[in-house]
Amino acid sequence: METVPDAALQAPGDAVVRVVVAGICGTDLHGYRGLPGPVTGPRCGHEFVGVVEDIGGEVSTLRPGTMVVAPFNFADGTCSACLTGSHNACAAGGMFGVQGDGAQAEAVRVPFADANLVAVPVDENDERLPSLLTLTDTMATGLHAIKTGRVAPGSSVAVVGDGPVGMCAVLAARDAGAARIILVGRHEARLSKGKEFGATDTFNAQGSEGVAESVDYVHTATQGVGADVVVECGGGPQAQDTAFAMCRAGGAVCVMGSPPIGDVTPVFLRGITLTGGLTPARAYLPELVERVLAGTLAPGSIFEKTVALDDIVSGYEAMDARTASKVLVLP
């Protein structure tokens, strides 16, 4: 943990947000482990809910004292990409903790505040804060997979990976009306939680034959056809190859774990739609916030540990040791 300069306004469209709750993401963990990835520090973290403390002269929709939810990737809200809902592709945008201030801090400067921050009528002690925090990235990403995969009522869905995004994809698939939701992972406790989130089947793919057996399980569960939609949340060539093997001809594979780096020949030979990708979280925030506030969506239990900002190292250690899949940070 390092001391960095205080967050401050730099442009008329900026806001400074005092962080109330933040999260540690698997993307942050890559940097902690010294692996390649966008997050190198010392300003880490892209998931936060907070209170507006200061605004620039051009900010018109927010006032100091407003509680807000922020997407993990900020955007200007006015370019052609933003206007079509692809905020993730905004040329003027970026990711908190990479191109902007990190959220694992006392406060964050938010560029294009009007375009990015969503006001929420809650206070700092609201029990829904963990669920609202998931919307900044994890729940939005799970929903993005299900939306881009065009999961329809009655369809079959396989989710490869039992981490937080996989759990949220299961939850989104349930809400989309999928009839069969198969969660494949390697942690029995997470698989059990997956059933609470809506998985109809779970498969523990531990062991040298686990991957091949998981593919067989999905095909058996779908009468030999394969899943209509497969969501890949593991990252890497093996997880992507597994997802293609689980998918039916003419189905869809949503790659969420990392950019496609394996063999994508099945896309051509078997007519599989390849989708997913970096999530335009801001596009989904209004819908998701409304549902959390209405009590129809509660993904906050993906947080398995809470730490103080001064003790954030213990949160990284817990995720690195896999004793917690997701950690909430209290500044």
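Contact here means heavy atoms within 4.5 Å. The legends below describe close-up views of a predicted model.

**View 1**
His 144 is found in helix 5. With a relative accessible area of 7%, this histidine is buried, because buried means under 20%. Leaving out residues up to four places away in sequence, His 144 touches Met 256, Gly 276, Gly 277, Leu 278, Thr 279, Pro 280 and Tyr 284.

**View 1. Helix 5 and the elements around its buried residues.**
Helix 5 spans residues 138-148 and is mostly covered, with nine of its 11 residues buried. The buried residues are Thr 138, Met 139, Ala 140, Thr 141, Gly 142, Leu 143, His 144, Ala 145 and Ile 146. What do the buried residues of helix 5 pack against? Their partners include three helices: helix 4 (129-134), helix 6 and helix 11 (281-294). Strand 11, strand 12 (247-255) and strand 13 (273-276) are also packed against these buried residues. Just after helix 5, Arg 150 takes a positive phi of about 55°.

**View 2. The packing of helix 5 with helix 11.**
Two packed helices are described by the angle between their axes and the distance between the axes. For helix 5 and helix 11, the angle is about 100° and the axes are 10 Å apart. An angle of 65 to 115 degrees counts as roughly perpendicular, and helix 5 and helix 11 are therefore roughly perpendicular to each other. On the helix 5 side, the residues that meet helix 11 are Met 139, Ala 140, Leu 143, His 144 and Lys 147. Helix 11 brings Ala 281, Tyr 284, Glu 287 and Leu 288 to this meeting. Sorted by class, the contact of helix 5 with helix 11 has six nonpolar residues, one polar residue and two charged residues. An α-helix has 3.6 residues a turn, so residues three or four places apart point the same way.

**View 3. The packing of helix 6 with helix 7.**
Helix 6 (residues 164-175) packs with helix 7 (residues 188-197) at an angle of about 25°, and their axes are 9 Å apart. Are helix 6 and helix 7 roughly parallel or roughly perpendicular to each other? Angles under 35 degrees count as roughly parallel, so helix 6 and helix 7 are roughly parallel to each other. The crossing of helix 6 past helix 7 is right-handed. From helix 6, Met 167, Val 170, Leu 171 and Arg 174 take part, and they meet Arg 190, Leu 191, Lys 193, Gly 194, Glu 196 and Phe 197 of helix 7. In this contact of helix 6 with helix 7, five residues are nonpolar, one is polar and four are charged.

**View 4. Arg 190 in helix 7.**
Arg 190 has its place in helix 7. Is Arg 190 buried or exposed? Its relative accessible area is 12%, and Arg 190 is therefore buried. Apart from residues up to four places away in sequence, Arg 190 touches Asp 162, Gly 163, Met 167, Leu 183, Arg 322 and Ser 325. One of these, Met 167, is in helix 6.

**View 5. The packing of helix 8 with helix 9.**
Helix 8 (residues 210-221) and helix 9 (residues 237-246) have axes 9 Å apart and pack at an angle of about 25°. Helix 8 and helix 9 are therefore roughly parallel to each other. Helix 8 passes helix 9 in a crossing that is right-handed. Helix 8 contributes Val 211, Ser 214, Val 215, Val 218 and His 219 to the contact, and helix 9 contributes Gln 238, Thr 242, Ala 245 and Met 246. The residues of the contact of helix 8 with helix 9 comprise five nonpolar, four polar and no charged.

A disulfide is a covalent bond between the sulfur atoms of two cysteines. With a cut-off of 2.5 Å between cysteine sulfur atoms, the count of disulfides comes to zero. Cys 82 is in no disulfide, and the nearest cysteine sulfur, that of Cys 79, is 3.6 Å away. Cys 82 counts as buried, at 5% relative accessibility. Cys 233 is likewise in no disulfide, and the nearest cysteine sulfur, that of Cys 254, is 8.9 Å away. Cys 233 is buried, with a relative accessible area of 19%.

**View 6. Cys 233 in its loop.**
The loop that holds Cys 233 lies between strand 11 (227-232) and helix 9. Leaving aside neighbours within four places in sequence, Cys 233 is in contact with Val 159, Val 160, Gly 161, Val 165, Gly 166 and Gly 257. Cys 233 and Ile 182 are 51 residues apart in sequence, and their C-alpha atoms are 13 Å apart in space.

Definitions and conventions:
Residues numbered from 1 in each chain as written. Predicted model: local features only at pLDDT ≥ 70, side-chain atom pairs only at ≥ 80, totals over all residues. Heavy atoms only, no water. Axes fitted to C-alpha atoms, helices over the stretch in contact; angles between N-to-C directions. Helix = DSSP H or I, 4+ residues; strand = E, 2+ residues; numbered from the N terminus. Parallel < 35°, antiparallel > 145°, perpendicular 65-115°, else oblique. Left-handed = near helix turned anticlockwise from the far one by under 90°. Nonpolar A, V, L, I, M, F, W, Y, C, P; charged D, E, K, R; others polar. Buried < 20%, exposed > 50% of the residue type's maximum accessible area, 1.4 Å probe, protein only.
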